[in-house]
Amino acid sequence: MIHLYKKYHIAYWCIGIVLIICMVVAMFLLWNKFPFAPFLTFFPTVFLVIVNGVVFTRLTSKKFNTEIAPFLSNCEAHKYLSEIHALFNGKAKNRVIISIYNSLLATGYAVINDYDSVYDCCQKITTRNWQVARSLSMMDYYASRCLFDQAQSEIENLRKLLEKMKNPKFKENCEISIKNVEYAMRIKQGNYEGAEEHYKKMMETVKPLLPLGKASYSYALGKLYVLKGEPERAKEYLQVAYDLGGDTKYKVFAEQNLKALEGE
């Protein structure tokens, strides 16, 4: 992703070129004096080139997480999508970048309930390192369409992929996503057992609970109380989802449910 930000891309290549030039000069100057000069200069240079790549990859990730990801977290989904399109404009030219691009888009489209676009994006995620992101989005897609068997199959595939993951925080977040989808599917099938406890636990334990997460769980609780015939409790949580939901589906759905309750 380094080349997504021009200044980082230029700096990355300049440092890399300087390292290689230094290696060549050192080999030339030391060749006659030290027979092992090529080995003494080559391997340290390779190490530094790798470090150079790691540093700029992290800088790129940090810049993205600081400047673009907060739009989604703060329920500005359309702004997030427009920023993703602008960032990748003309740059999605290989399978890796195309997969990253569509993974990020799929997340944004799901939040505005555009699951046709989610599905289309998932078909373009083809690289191995982004299959977890693809499974997360496809799991959500199938659940939203009430295709429960396909959703369950995607969950099983996702759990197999997670067995190979080494990042504990990432695995934990994925497991939370799986549980959220599992409870959503059970509720759609009329099984409300454990859902209230799960959503409340998430609201208490997920730290930090950003506006998108709070709107999502608040809507889930509000909708659950509607289904259970507890309108007053439902209104409390639906109002939170409406207030925090920005331009996401949670505000739209909360508003629909609040109007329905007021019309009773």
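Modeller: Let's start with Asn113, which lies in the loop between α5 and α6. This is a predicted model, where local features need pLDDT of at least 70 and side-chain atom pairs count only at pLDDT 80 or more, while totals for chains, interfaces and linings use all residues. Residues are numbered from 1 along each chain as its sequence is written, and side-chain values use heavy atoms, with hydrogens and water left out.

Colleague: Why is Asn113 called partly exposed?

Modeller: Buried means under 20% relative accessible area, exposed means over 50%, and partly exposed is in between, using a 1.4 Å probe and protein chains only. Asn113 has 37% relative accessibility, so Asn113 counts as partly exposed.

Colleague: What makes the phi of Asn113 worth a remark?

Modeller: Asn113 is not a glycine, yet its phi is positive, about 70°. Most residues other than glycine have a negative phi. Cys146 also has a positive phi, about 60°, without being a glycine. You will find Cys146 in the loop between α7 and α8 (148-162).

Colleague: And what about peptide bonds?

Modeller: Most peptide bonds are trans. Lys207 and Pro208, though, are joined by a cis peptide bond, with omega about -5°. Pro208 sits in the loop between α10 (195-205) and α11 (211-227).

Colleague: How do you decide what counts as a helix?

Modeller: Helices are DSSP runs of H or I with at least four residues, numbered from the N terminus; strands are runs of E with at least two.

Colleague: Why are α5 and α6 called roughly antiparallel?

Modeller: Two packed helices are described by the angle between their axes and the distance between the axes. Axes are lines fitted to C-alpha atoms, for helices over the stretch in contact, and angles run from 0 to 180 degrees between N-to-C directions. Under 35 degrees counts as roughly parallel, over 145 as roughly antiparallel, 65 to 115 as roughly perpendicular and the rest as oblique. For α5 and α6 the angle is about 165°, with the axes 8 Å apart. The pair is therefore roughly antiparallel.

Colleague: Which residues meet there?

Modeller: Contact means heavy atoms within 4.5 Å. Asn102, Leu105, Ala106, Tyr109 and Ala110 of α5 meet Tyr115, Ser117, Val118 and Cys121 of α6.

Colleague: What makes α4 roughly antiparallel to α5?

Modeller: The axes of α4 (residues 77-88) and α5 cross at roughly 165° and come within 9 Å. That angle makes α4 roughly antiparallel to α5.

Colleague: How do you know that Leu81 is buried?

Modeller: Leu81, in helix α4, has a relative accessible area of 6%, so Leu81 is buried. Leaving aside neighbours within four places in sequence, Leu81 is in contact with Leu105, Gly108, Tyr109 and Ile112.

Colleague: Is Pro70 buried or partly exposed?

Modeller: Pro70 has a relative accessible area of 25%, so Pro70 is partly exposed. Pro70 lies in helix α3 (residues 69-73).

Colleague: Why are the buried residues of α6 said to be on the same side?

Modeller: In α6 (residues 115-122), the buried residues are Tyr115, Ser117, Val118, Cys121 and Cys122. They cover an arc of only 150° around the axis, which puts them on the same side of α6. The arc is that of the directions from the helix axis to the C-beta atoms. What covers these buried residues includes α5 (95-111), α7 (131-144) and α13 (249-262).
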